[in-house]
Amino acid sequence: MATQGQVITCKAAVAYEPNKPLVIEDVQVDPPQAGEVRIKILFTALCHTDAYTWSGKDPEGLFPCILGHEAAGIVESVGEGVTEVQAGDHVIPCYQAECRECKFCKSGKTNLCGKVRGATGVGVMMNDRKSRFSVNGKPLYHFMGTSTFSQYTVLHDVSVAKIDPKAPLDKVCLLGCGVPTGLGAVWNTAKVEPGSIVAVFGLGTVGLAVAEGAKAAGASRIIGVDIDDRKFERAKKFGVTEFVNPKEHEKPIQQVLVDLTDGGVDYSFECIGNVSVMRAALECCHKGWGTSVIVGVAASGQEISTRPFQLVTGRVWKGTAFGGFKSRSQVPWLVEKYMKKEIKVDEYITHELTLAEINKAFDLLHEGDCLRCVLTVE
Ligand SMILES: NC(=O)c1ccc[n+]([C@@H]2O[C@H](COP(=O)([O-])OP(=O)(O)OC[C@H]3O[C@@H](n4cnc5c(N)ncnc54)[C@H](O)[C@@H]3O)[C@@H](O)[C@H]2O)c1
Ligand SMILES: N[C@@H](CCC(=O)N[C@@H](CSCO)C(=O)NCC(=O)O)C(=O)O
Ligand SMILES: [Zn+2]
Ligand SMILES: [Zn+2]
């Protein structure tokens, strides 16, 4: 490889300050060190978590940085000691690592991994606690251990999932975050059983993937809740069977759902990031067993509350990160499921632009009809 061991200069979208338009810059990307992988990113989508961090409300948001965490690419080179991937492999960056060795990975109880989280949360690589990105000699922070809004990025090897080279990278990039999160929230975190009544709050990509997962799990009713009526028609295609717009009801939405379901739903999922809705999602659950899963990411300083009586009387409040999927082991499996047409992916892509148009893509993300916008990065 001509570029192996060299600093690569390439285009990246730099977030210099919260909410200030991203700037396409020529950045320098250092070679991967021990245990690291340098990846040529071919496609990246935008997730609402990128917008959240860009907004300045993420306590882990550091600037200047390179955002992006839902992508696909090809390994350009690997650092010393990297054995599971090599140059030319097709990969999906995984913001949630899987080292298979740490206390978390070995617990069998969680998909969270502790190996590199201390570094990825502060925008650096674990080896030397430094960044591999710079612009005009000044370092740029990494983001979520992925920084995919760049033509090249460097990841810890424990954050790289090797996938079937036949998979279309412009589609399976979505398997880096939103779609697995929704599916896994249902299959891994809630473990929805056939016949269950499910409520999904928020019908964006994550909520629609919850609906898709619930349909596959055999849910008998899937009630979509959104403040935007335009969401319903599309949501039907993902499995939503009924629609409730809280704005059209005087009663609190939890009461509306309890009345609609003879005492409450079996499972609810909050896919918005709104702490008041999180409360409603818990309180619409059936007494004795209803389980509510928090999927949405709420801003710094926001807190959830409810009467403890809600839990005393058997409701369960849970949360999920990346849908509970073990990233390196299960992302390739999700890719195979997509290739066998067992899960949707193309259906979530509503827009396609280029990296140079990233600010327009963020504008689209805030418009009602955009699910995922995939950027061509090359
Ligand atoms: N936990 C994880 O691992 C994980 C992974 C990916 C995304 N997320 C988070 O999930 C959330 C959803 O992501 P998305 O990409 O689907 O977002 P999105 O913005 O596309 O969807 C949110 C939906 O909620 C609706 N909505 C807004 N306020 C509402 C309200 N008060 N009541 C009912 N509906 C309301 C909007 O109309 C929209 O349809 C975000 O907070 C994102 O950061 C979490
Ligand atoms: N830095 C944020 C954390 C936000 C958060 O909860 N992130 C989710 C993924 S969102 C993907 O779109 C997650 O997986 N969290 C687990 C983890 O970060 O280890 C904040 O502090 O608010
Ligand atoms: Zn995401
Ligand atoms: Zn681990």
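How many bridges pair E3 and E4, and in which sense? E3 and E4 pair over eight bridges, in the antiparallel sense. The legends below describe a predicted model, in which local features need pLDDT of at least 70, side-chain atom pairs count only at pLDDT 80 or more, and totals for chains, interfaces and linings use all residues. Residues are numbered from 1 along each chain as its sequence is written, chains are lettered from A and ligands numbered from 1 in the order in which they are written, and side-chain values use heavy atoms, with hydrogens and water left out.

View 1. Helices (H or I, at least four residues) and strands (E, at least two) are DSSP runs numbered from the N terminus, and two strands pair if DSSP finds at least two bridges between them. E4 and strand E5 (residues 90-93) run antiparallel and are joined by two bridges. Seven of the nine residues of E4 are buried, so the strand is largely enclosed by the rest of the structure; buried means under 20% relative accessible area, exposed over 50% and partly exposed in between, with a 1.4 Å probe and protein chains only.

**View 2. The open sheet E1-E2-E6-E7.** Four strands form this open sheet in the order E1-E2-E6-E7, with antiparallel pairing. Strand E1 (8-14) and strand E7 (138-140) each have a single partner strand and stand at the edges, so one side of each is left without a neighbour in the sheet. From one strand to the next the twist averages 45°, where axes are lines fitted to C-alpha atoms, for helices over the stretch in contact, and angles run from 0 to 180 degrees between N-to-C directions. E1 and E2 run antiparallel and are joined by seven bridges, with Ile8 opposite Val29 in E2. Strand E2 (residues 23-29) pairs with strand E6 (residues 133-135) over two bridges in the antiparallel sense, and Gln28 has Ser134 of E6 as its bridge partner.

View 3. Cys47 lies in the loop between strand E3 (36-45) and helix H1 (48-54), and His69 in the loop between H1 and strand E4 (70-78), so the pair ties together parts that are 22 residues apart in sequence. Cys47 counts as buried at 5% relative accessibility, and His69 is buried at 0%.

**View 4. Surroundings of ligand 2.** Ligand 2 is surrounded by 14 residues, the closest being Thr49, Tyr52, Asp58, Glu60 and Arg117; a residue is near a molecule or strand if one of its heavy atoms lies within 4 Å of it. A polar side-chain atom of Thr49 lies 2.5 Å from an oxygen atom of ligand 2. For Tyr52, a side-chain N or O atom is 2.6 Å from an oxygen atom of ligand 2. A side-chain N or O atom of Asp58 lies 2.8 Å from a nitrogen atom of ligand 2.

**View 5. Surroundings of ligand 1.** Among the 27 residues around ligand 1, His48, Thr49, Asp226, Thr320 and Phe322 come nearest. A backbone N or O atom of Phe322 lies 2.9 Å from an oxygen atom of ligand 1.

Terms used: A polar contact is a pair of N or O atoms within 3.5 Å; within protein, one must be able to donate a hydrogen and the other to accept it, and residues adjacent in sequence count only if both atoms are side-chain atoms.
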